[in-house]
Amino acid sequence: MLMRTDPFREIDRLAEQFLGTTARPAVMHMDAYRDGDFFYAAFDLPGVDPESIDCTVERNVLTVRAERRRPTDDKVELVAAERPMGLFTRQLFLGDTLDADELEAGYENGVLTLRIPVAERAKPRRVPVVSRGNGHKQINA
């Protein structure tokens, strides 16, 4: 039989108030970075069924939802319940510099990775300078 003694029970109770409980899971952890012409967001979702993951984009707001469930078989006896279960949700506000229409998502080894291209209008570009005659530069509109 698995026995658990916890001398820090009160600290755990306080942590659950701020970080989440099984009834109200904590936020899903994320890393975000830019690599060249792409922006990446990686979410830790171990033990989540890929079919339960839902990614939507509406007006530059990306919403990720996923659900982790406990076994529901009547023969299963729950001995310890420390892993957060339930619905996890995270929203990201995407700037106009990202092309949300071309967003790609993949799930591997418990990590959901989103790949969002940087919009063409946000990429650095060279601006030609035109000179007209006597050394004055003119801007063409």
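Strands, as named in these legends, are DSSP runs of E with at least two residues, numbered from the N terminus. The model shown is a predicted one.

**View 1. The loop that holds G95.** G95 lies in the loop between β5, which covers residues 86–93, and β6. The C-alpha atom of G95 is separated by 9.9 Å from that of A119, and the two residues are 24 residues apart along the chain.

View 2. Four strands, in the order β1-β2-β7-β6, form an open sheet with antiparallel pairing. Since β1 (30–35) and β6 (104–108) each have a single partner strand, they stand at the edges, and one side of each is left without a neighbour in the sheet. On average, and with direction ignored, neighbouring strands of this sheet are turned by 20 degrees against each other.

**View 3. The pairing of β2 with β7.** Strand β2, residues 38–44, runs antiparallel to strand β7, residues 111–117, and seven bridges join the two. One of the residues to look for here is D44, whose bridge partner in β7 is V111.

**View 4. The largest nonpolar core.** This core has 18 residues, of which F43, L45, V64, L94, L112 and L114 touch the most other members. The elements that contribute two or more residues to this core are β2, β4 (61–68), β5 and β7. When residues up to four places away in sequence are not counted, L94 touches N60, L62, A100 and I116.

Conventions:
Residues are numbered from 1 along each chain as its sequence is written. This is a predicted model: local features need pLDDT of at least 70, side-chain atom pairs count only at pLDDT 80 or more; totals for chains, interfaces and linings use all residues. Side-chain values use heavy atoms; hydrogens and water are left out. Two strands pair if DSSP finds at least two bridges between them. Axes are lines fitted to C-alpha atoms, for helices over the stretch in contact, and angles run from 0 to 180 degrees between N-to-C directions. A nonpolar core is a set of buried Ala, Val, Leu, Ile, Met, Phe, Trp, Tyr and Cys residues joined through side-chain atoms within 4.5 Å. Buried means under 20% relative accessible area, exposed over 50%, partly exposed in between (1.4 Å probe, protein chains only). Contact means heavy atoms within 4.5 Å.
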